[in-house]
Each structure stands twice: as structure tokens, then as C-alpha cells.
Amino acid sequence: SDTEEIKKPKQKSATVCGYPISIFFIVVNEFCERFSYYGMRAVLVLYFKYFLKWDDDLATTIYHTFVAFCYLTPILGAIIADSWLGKFKTIVYLSIVYTLGQIVMAISAIHDITDTNKDGIPENMSFHVALSMVGLSLIALGTGGIKPCVAAFGGDQFQDHQEKQRSTFFSIFYLSINAGSLLSTIITPMLRAQECGIYSQQKCYPLAFGVPAALMVVALIVFIIGSGMYNKTAPQGNILVKVCKCIAFAIRNRYRHRYSQFSQRTHWMDWADEKYDKLLIAQVKMVVKVLFLYIPLPMFWALFDQQGSRWTLQATTMDGDFGLLTIQPDQMQTVNPILILVLVPIMDSVIYPLISKCTGVQAKIINMLDRQVDETLTNKMIYELLTFSILQAEEDYMSFDGRFALEFGGNVSPVSLKNGSRNTLAIIQDGALPRHLEFTDITAKPEQGANAVRQVFFNGYSSILNITTGTLDFGSTVKNKMSTYANVPHGEAKFHIKDNAGNQCDYSLTLGFGSSYTLLIPSTFKFGTNCEKSINTALDIKPNSFHMAWQIPQYFLITAGEVVFSVTGLEFSYSQAPSNMKSVLQAGWLLTVAVGNIIVLIVAEAAKLPDQWAEYILFASLLLLVDFLFAFMAYFYTYIDPAKIEAQFAHSDPKDKEKKKSLEMGRKDSDGNSNSDRKSSYTSHNEKKDVQSRM
């Protein structure tokens with residue numbers, strides 16, 4: 001039976017170069033799973049913004065809600081594995097849930113499913129939103145549930161004499177995590193940038209989600225193939241559950257004895273003495289002492305995890321031209337894992353107090369960047385002058401509010417504009433008299449770094465004109481009527497102008513990222529040599545002038561902060577934790593990540609600040625306040641030696657044992673479960689690396 005199988009002691013498995021063959025299946029599984037998760041997450045906020053058509057605040061809120069759940073569910077996964085199914089079955093079952101979630105996400109991104117009129121726009125967006133939420137819920141349950149199990153399960157494959165090999169395994173395991181995340185954040189944005197579809201070609205989110213789904217299928221299959229080679233240990237009870245029960249009993253008992261007639265006790269956890277072992281109470285005291293220091297930590301993760309939301313959205317308004325390469329906004333996230341691989345070995349020689357200040361500095365850099373980006377988003381009316389067939393494109397913007405009039409030689413032409421609107425005015429000759437035309441401009445930057453281009457030709461030209469560029473067709477033009485905007489990609493755009501007689505004129509325009517232009521074809525336009533010289537362009541919205549490379553300093557600073565923060569924080573926690581409760585502190589550490597993401601979604605929804613840079617200032621101020629709070633708390637912290645404290649309770653009174661029968665399982669763990677202690681050690685060691693590199 002399964003029970004008999006998992007109770008068997010460790011058997012010596014086949015090895016290669018001194019390593020159990022089974023670990024190779026686990027490493028491949030981890031690489032594929034991390035590729036799947038980070039690949040999907042890299043494009044997620046852009047999927048919300050451009051496919052589901054959510055605004056930046058809602059996209060940020062849902063993104064961080066998802067990440068928060070991903071770091072809440074590890075607690076559930078650990079309880080299931082340690083108390084019920086065991087690690088192997090937990091990984092398999094939750095990986096199936098995980099795989100289904102990735103497949104559902106890929107299906108939700110297929111626009112053709114509800115595109116009944118075949119125009120590239122889904123008619124039933126609620127259907128896609130519902131599928132997305134189901135998919136993300138399954139993914140959060142799956143990825144979070146297996147997080148505390150895979151590394152520990154890998155450690156279970158080694159014999160007691162293989163400490164060196166086990167240490168090397170965790171280094172390889174750590175490398176697979178970073179390799180998977182690095183490759184996925186490079187590849188999936190490239191897949192997203194492709195165009196695909198049955199009826200119309202759109203950004204290929206189905207492929208960007210589909211490849212991670214396929215990798216998750218591979219991860220599951222590879223893990224199951226190695227089933228016969230694994231050492232599988234029996235569930236031995238979850239220490240986290242015991243700790244929570246002990247704390248809950250102490251609180252309830254203290255509340256029942258809150259009146260003055262009851263004698264006071266040194267520590268509030270001492271109120272658990274009626275039911276729980278003194279050793280367990282002492283261990284819980286040590287854990288609670290460290291958890292108290294965790295209170296300010298979520299603020300760091302609140303800033304850190306914005307790399308996948310606010311920072312990516314910021315990159316969409318920047319210039320991604322790197323010469324021979326065009327970088328997608330979501331590919332900027334690759335800077336983090338690259339810097340981790342560089343900084344981790346270097347940080348040992350850097351003074352920690354100096355580096356710890358970097359996070360507050362990076363928030364200020366983001367603020368400066370965002371204010372520079374805002375300058376490319378003008379909100380004025382463009383004034384174009386076409387008088388007596390002579391086109392003069394004014395370089396300066398002119399602001400007008402409400403009603404005014406244009407006067408031409410005694411003839412008055414009234415103009416009525418809505419306050420805050422963006423318009424192009426063209427003055428044309430209408431017979432013997434001039435008159436003006438009004439065209440409404442685009443009100444926001446084009447999506448995904450594209451360039452919005454429209455065209456108009458003015459009366460006096462006798463033939464219908466057709467304008468195309470690449471696969472885009474503006475259609476046949478009508479005089480004095482503006483065409484709709486069409487999104488033209490970055491680079492050199494060539495516009496082909498034809499008339500009914502087959503005459504052709506080619507006009508070239510170099511386009512950056514996120515600009516908007518109006519092509520103005522005057523009545524004096526003629527085909528032939530230098531025909532393009534009579535065509536004029538009006539700039540509606542300036543291209544993104546601030547380069548994405550300016551994000552690298554903020555990535556450097558936040559990554560430096562991550563490495564120092566995670567390594568020192570987890571090493572401190574590990575040194576201050578009881579031998580059998582290191583996993584409890586790991587759960588507490590992951591919980592700070594979840595709370596940090598909850599802070600972001602609260603600020604995004606509740607603050608409602610008018611400008612994005614103001615939100616960055618808010619986060620920087622909050623983190624600075626938290627820094628002072630944490631420094632104050634740390635100043636009064638007294639270091640302890642958990643081994644010495646535990647040694648004081650090594651020999652308990654037999655009567656005390658009999659009195660507290662409910663702790664029989666806890667005593668069994670502490671007396672005979674050396675494997676559990678080792679598991680806690682290498683689980684902490686690995687999760688420390690996982691957190692510091694890819695949290």
C-alpha cells in the first residue's frame with residue numbers, strides 16, 4: 001500500500017557521479033516550473049492592460065492580488081504535505097492544478113473565441129475575464145502549494161553521508177530557478193510581440209501563455225517519470241499547526257485569566273504551560289520574537305514586486321530602441337535575474353549598511369523617470385495653417401479654451417472647442433474665401449509602443465487617393481475628411497500613395513515609440529519626382545524620448561537591496577530559530593511577501609493619486625518611515641542561542657510528560673526526528689536562495 005511504501009526507510013538509490021539519479025528529474029522539473037511561472041507573470045500586466053482593456057490601477061491591483069495569493073498558498077501546501085499526503089503526492093496533485101490553470105490562461109487569451117464580427121476585438125470580454133480569473137486562481141494554488149515541497153523533497157533523496165552532494169544540489173537547484181526565470185522573461189515577451197489569430201492578427205498572448213503551459217506539462221511528466229527512483233518519507237505532522245495551536249491556547253488562557261486576582265506570568269506565552277511542553281513554549285517564544293521583527297518587512301516587497309506591474313507599465317511609455325535590438329517593455333524584467341547572478345558573489349565584499357540605503361534611493365529615481373516620461377504626453381491643441389494652398393506646420397503648440405474666432409481678411413470663422421480637448425485646426429481655401437476645419441486628435445499615447453498615424457488631403461485635388469503602409473490600408477480618402485488612426489510599428493515607415501490612374505508616390509517617415517502623426521496632403525500635391533516633398537506631417541503626440549536604459553539604475557538598486565535584504569534577513573532568522581521550527585519562519589517570511597503585495601493593491605485602489613510619480617513618492621516615504629521603525633526595533637533586539645535554550649529543556653520531568661499528553665507528537669519530533677531537522681536546514685537554505693533571487 002501507499003502507507004507501507006512511504007514508511008520504508010531510505011534506500012540507497014542508483015547514483016551518477018555520487019548523486020542520486022532522482023535529483024535530475026527534480027532539477028528539470030524546477031527549471032520548467034519556474035520558466036512557466038515567470039514567463040506567464042512577465043506578460044501578465046500587459047495582458048490586463050491591452051487585451052482585457054483594464055486601466056493601469058486595476059491591472060496593478062489584480063496583478064498584486066495574484067502574487068499575494070501565490071505567497072499565501074505555500075502555507076496550505078506545507079500543511080497538506082506534512083500532515084496528509086506527503087511531499088510527492090502534494091507536488092503531483094497540485095502540479096496538475098497548476099497545469100490546468102496555465103492552459104485556461106492560454107485559452108482566455110484567444111480573441112477569436114468571441115470575435116464574432118472578425119474585427120480583432122472580442123465581443124464578450126466578460127468571458128475572457130472570467131477564464132483569466134479561474135486560470136490565475138488555479139496557478140496561485142498550484143505554484144504556491146508546491147513551493148515548500150519541491151526543494152525539501154530534493155533534499156530527501158540524499159543519504160546521511162552525502163552532505164557535500166546535498167549542498168551542491170541546492171546550488172544547482174538555485175541555478176535552475178534563475179535560469180528558468182531569466183530565459184522565460186526573455187522569450188515570452190518575444191512571443192507576445194508576435195501577431196497571430198484566425199480572423200485577424202493581434203498580439204499573440206495565447207502563444208505567450210501557451211508556451212509556459214507546455215513547459216508546465218513537461219515539468220509534471222518529468223517529475224512523474226522519476227517516481228520509482230524517489231525516496232518518499234511519511235507525513236510527520238506539521239510543526240506550523242502545532243505552533244499556531246500553542247499560541248492560540250496561550251491567548252485564550254491569558255484572556256480567561258485577565259483579572260487582577262490571577263497571578264501574572266513573565267511572558268504571555270507562559271499561559272500555555274497548562275497544556276503544552278515547556279520546550280515547545282520556549283521554542284515558540286523564540287519564533288515569536290523573530291516574527292515581531294518581520295512586521296516592517298512587507299514594505300520592501302511592496303516596492304520590489306512592482307517590477308512586474310508599475311515598472312513594466314512605465315517602460316511602455318519609454319524608448320526601447322537599443323540599436324540592433326528592440327526591447328519589449330516586459331523584457332526589462334530580465335535585468336533583475338541577470339544582476340542577481342552578478343551581485344550575489346560580489347555582495348560579500350560590500351558593506352551592508354551602505355547598500356541597505358539603496359532601496360529608498362531607487363524609489364526616488366523611479367519618481368524622476370516618471371516625471372520625465374510625463375513630459376512626452378502633451379495636452380494641448382495643435383494649430384495647423386493652410387492658407388491659399390500653402391501649408392505651414394506650426395512647431396509650437398497653442399492652447400485655447402472654450403469659444404474663439406478666426407478672422408481672415410474681414411471674414412470671421414467661429415470655433416468652439418471643449419476645454420481640455422486636443423484638436424488640429426486646418427485653414428483651407430474654400431472658393432474665394434478661407435475657412436477652417438476641425439479634427440479631433442488622439443487623447444492618449446498609442447498602445448504597446450506603436451505609432452498612431454492618420455492622413456487627410458484637402459480640396460482641390462481631383463482624384464481619389466489610396467494610402468497604404470506595409471499591411472495597413474487607410475482606404476480611399478475623401479477630401480477634407482480625416483482618416484482614422486492606424487497603428488504603425490517602430491522604425492522606418494514607407495507610405496505608398498496611389499490614385500485611380502495608377503500613379504504612385506512613396507513617402508518615408510521615421511517613427512519612434514508611442515508617437516502620433518497626421519499626414520497632410522495639400523491641394524497642390526502632384527505625382528512625379530520629389531512628390532513626397534509637398535507632403536507635410538503634423539506631430540500630434542511626441543514619441544517616447546526617455547530611454548528604457550534609464551530603468552537600469554533602479555533595477556540595479558532594487559536588486560542590490562534584494563540580495564542584501566534577503567540574505568541577511570534569512571540568515572538572521574535561521575540563526576535565531578529553534579532547530580525544528582525553521583520552516584515556521586520560512587512561512588512567516590513568505591507571508592511578508594504576500595502582505596507587501598496587498599499593500600500595493602490597497603494603495604493603487606485607495607490612494608487615487610492624480611500622477612504616477614506622486615505614488616512613487618508615497619511608497620518612498622512609507623519605506624523611509626519603515627526603515628526608521630525597523631532600526632528602532634532592531635536596536636532593542638537581544639540575540640539568543642537557540643541551542644543553549646533548547647538544551648535547558650532537554651531532560652523533562654516524567655510527570656510533566658504524563659501531564660501534557662497532547663505534546664507526544666511534538667516530543668517525538670524533537671527527540672527522534674533528526675531527518676526533520678536536516679530537512680528544515682536545507683529547506684531554509686534553498687528557500688533563502690529562492691527568495692533572494694526570484695521572490
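Reply: First, a definition: patches are made of residues with over 30% relative accessible area and no salt bridge, with like charges joined within 9 Å and nonpolar side chains (Val, Leu, Ile, Met, Phe, Trp, Tyr) within 5 Å. A salt bridge is a side-chain nitrogen of Lys or Arg within 4 Å of a carboxyl oxygen of Asp or Glu. Accessible areas come from the Shrake-Rupley method with a 1.4 Å probe, and for residues only the protein chains shown count as cover. This is a predicted model, where local features need pLDDT of at least 70 and side-chain atom pairs count only at pLDDT 80 or more, while totals for chains, interfaces and linings use all residues. Residues are numbered from 1 along each chain as its sequence is written, and side-chain values use heavy atoms, with hydrogens and water left out.

Me: Which residues make the nonpolar surface patch?

Reply: Tyr93, Ile96, Leu100, Ile103, Ile107, Ile113, Phe127, Val217, Ile221 and Ile225 make a patch of about 850 Å². Helix H5 (87-108) and helix H8 (205-225) are the elements that give two or more residues to it. Helices (H or I, at least four residues) and strands (E, at least two) are DSSP runs, numbered from the N terminus.

Me: Which helix gives the most?

Reply: H5, with 5 residues. Ile103 lies in that helix, and counts as partly exposed because its relative accessibility is 36%. Buried means under 20% relative accessible area, exposed over 50%, and partly exposed in between (1.4 Å probe, protein chains only).

Me: Different topic. Is Thr143 buried or exposed?

Reply: Thr143, in helix H6 (residues 125-155), counts as buried because its relative accessibility is 3%.

Me: What does the side chain of Thr143 make polar contacts with?

Reply: The side chains of Glu33 (3.1 Å) and Arg34 (3.0 Å). A polar contact is a pair of N or O atoms within 3.5 Å; within protein, one must be able to donate a hydrogen and the other to accept it, and residues adjacent in sequence count only if both atoms are side-chain atoms.

Me: How many disulfides are there in the whole structure?

Reply: A search finds 2, a disulfide being a pair of cysteine sulfur atoms within 2.5 Å. Cys196 and Cys204 form one, with sulfur atoms 2.0 Å apart. Cys505 and Cys531 form another, with sulfur atoms 1.9 Å apart.

Me: Why is the link of Cys505 and Cys531 right-handed?

Reply: Because the torsion about its S-S bond is about 100 degrees.
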